[in-house]
Amino acid sequence: MRVGILGLGEAGALYAAGFAENGWSVAGYDPGDVPTPTGVLRAGSVADAVGEADLVLGLTGAKAAASVAVEAAPHLRDDAVFADMNAGAPDLKRKIEGVVTEGGRAIFADVSVIGSVPKYRHRTALVASGRGASAVAEHFRALGAPVEDLGGEPGAASARKLLRSLFMKGLGAIIVQTVEAGRAAGDEQWVRQQITQELADGEATLERLYAGTFKHGLRRAREVAAAADLMADLGLDPALAHDISRLHTLAARQDGLRATPLVTEALLAAFEGLPTANIGDARDRLGLVDSGISPLWAGARAVGRALTVMTRAGDNRAIHEALRIAGPGDLIVVDGQGDTSRALIGELIAERAKARGVVGMVLDGAARDVEVLEEIGFPVWARAVTPAGPYKDGPGRVNVAVAVGGAVCGPGDLVVADGDGVAVLPAEEAEATLVAAREIEADEARRRSGIRAGQGTQAGQAGQGAQGAQGAQAGRTAGGPAGEPAGEAA
């Protein structure tokens, strides 16, 4: 039996040596400067490697897999089995099958390696699917490798591999992150002991971590966010920790990890009526759009999910693109480069937006037709008003992160706008911000009631006029010697 191996990197070399040790005639091809394993014939081309092979193993890496298959296909024997062993997506495996089986030249197998090839060599466990799976199983089992034959269509084995990779590569990344953080903090050995202990109980540990993540998602999301801050303080990249925090936030939702907006309809409704000032206080005055962007008519207010637009100054082509995908609850946020020479929107765009359920717009740019906007009740916050119309040539982008009035806004973020201005909340922080902002709102209401009660008492005291009492109170609330503590607008 002859096997042709395409790719003599670490895995390819180990498989080549394993087949040679088991009496196969092995031809290997690799254009790189890599060693040729003992007992393996180094082919000068893909055609030379596969032309006489009963079994061909594709071990080039997923990026080159399709192009190598195209090169190999014309030289395959009609009864040869072409086993693609690269860690590619199911769609890639189906594409390669189409290439190598066209005209009935060969039989295709989607093969995934489940385990460490450096550790187990040619006896590493495999999962195979596609018409050639049974032949692959027969050949590799003879070498001592456990093979799960799924049969069916190509892509099934690849999907199994990727599901396992979510855990194995994710676990590896988390271990690297945690050990590096422990080292930076001077606690590496303690951290290593903690990891070792937690990995020791198999199914019990799995279920505890799995169920606990859904049950305590929000609390754990905040805890990991704090851990991300610690990593940043230690000079380490906190991106993975932030992503873990976000996953816990998702797990706590009713929809779990399903691809639905973090900012739900219920959350939008909960923010209705909540002042941007309270939101700003809850977020340490961060995420507030600068005061140059203001409402175009009195009483304007909107709460929505950000549909973001980045556009060339004075051009609204991308806004028209955004309107085609806009839906109920969206609030269009436009980075217009701060240009005020031309209006990005007017009454016609506003009418179209309103008809699609868009709740408002925030423009780092100019608008026009203010009277009509107020008449139809469509709220807009903009940097200026001008009668000059826009260009419609582009370029522009929709649903990308934008900077508007000094605040960063991503697609799906929560936006609250009122007479004071505009607040932008990252979607994953909206729940926690709501709680904090409501507490601030309630505290201010209590203090306001106390102030009013005090004024009424002072007004009735003998020997003190109403104006004097009110003047003294005004002096205190304005930040005089007996002023209120920081935390209000003053």
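The buried residues of H3 pack against strand E1 (2-6), helix H2 (46-50), strand E5 (80-84) and helix H4 (90-101). Helices (H or I, at least four residues) and strands (E, at least two) are DSSP runs, numbered from the N terminus. In H3, which covers residues 62-72, Ala65, Ala66, Val68, Ala69 and Ala72 are buried; buried means under 20% relative accessible area, with a 1.4 Å probe and protein chains only.

This is a predicted model, in which local features need pLDDT of at least 70, side-chain atom pairs count only at pLDDT 80 or more, and totals for chains, interfaces and linings use all residues. Residues are numbered from 1 along each chain as its sequence is written, and side-chain values use heavy atoms, with hydrogens and water left out.

| Pocket | Volume | Lining by class |
|---|---|---|
| Largest | about 2,200 Å³ | 26 nonpolar, 9 polar, 6 charged residues |

A pocket is an open set of points on a 1 Å grid over the protein atoms alone, where a 1.4 Å probe fits, with protein on both sides within 12 Å along at least five of seven lines; lining residues have an atom within 4 Å of a point. A volume is the space filled by probe spheres set on the points. Ala, Val, Leu, Ile, Met, Phe, Trp, Tyr, Cys and Pro count as nonpolar, Asp, Glu, Lys and Arg as charged, and the others, Gly among them, as polar.

The largest pocket is lined by 41 residues, and Leu171, Ile174, Leu209, Ile244 and His248 are the closest to its centre. Helix H7 (156-184) gives the most to this lining, with 10 residues. In the second largest pocket, 19 residues form the lining, and Ala225, Ser245, Glu428, Glu429 and Ala432 lie nearest the centre. H10, H11 and helix H17 (430-460) each give two or more residues to the lining of the second largest pocket.

Gln177 is placed in helix H7. Gln177 counts as buried because its relative accessibility is 12%. Its side chain reaches the backbone nitrogen of Ala241 at 3.1 Å. Leaving aside neighbours within four places in sequence, Gln177 is in contact (heavy atoms within 4.5 Å) with Met231, Leu240, Ala241 and Ile244.

The protein chain averages a pLDDT (the predictor's confidence in each residue, from 0 to 100) of 88, and 92% of the residues score at least 70. Over residues 457-490 the pLDDT is below 50. Where pLDDT is low, the predicted coordinates should not be read in detail.

Methods:
Buried means under 20% relative accessible area, exposed over 50%, partly exposed in between (1.4 Å probe, protein chains only). A polar contact is a pair of N or O atoms within 3.5 Å; within protein, one must be able to donate a hydrogen and the other to accept it, and residues adjacent in sequence count only if both atoms are side-chain atoms.
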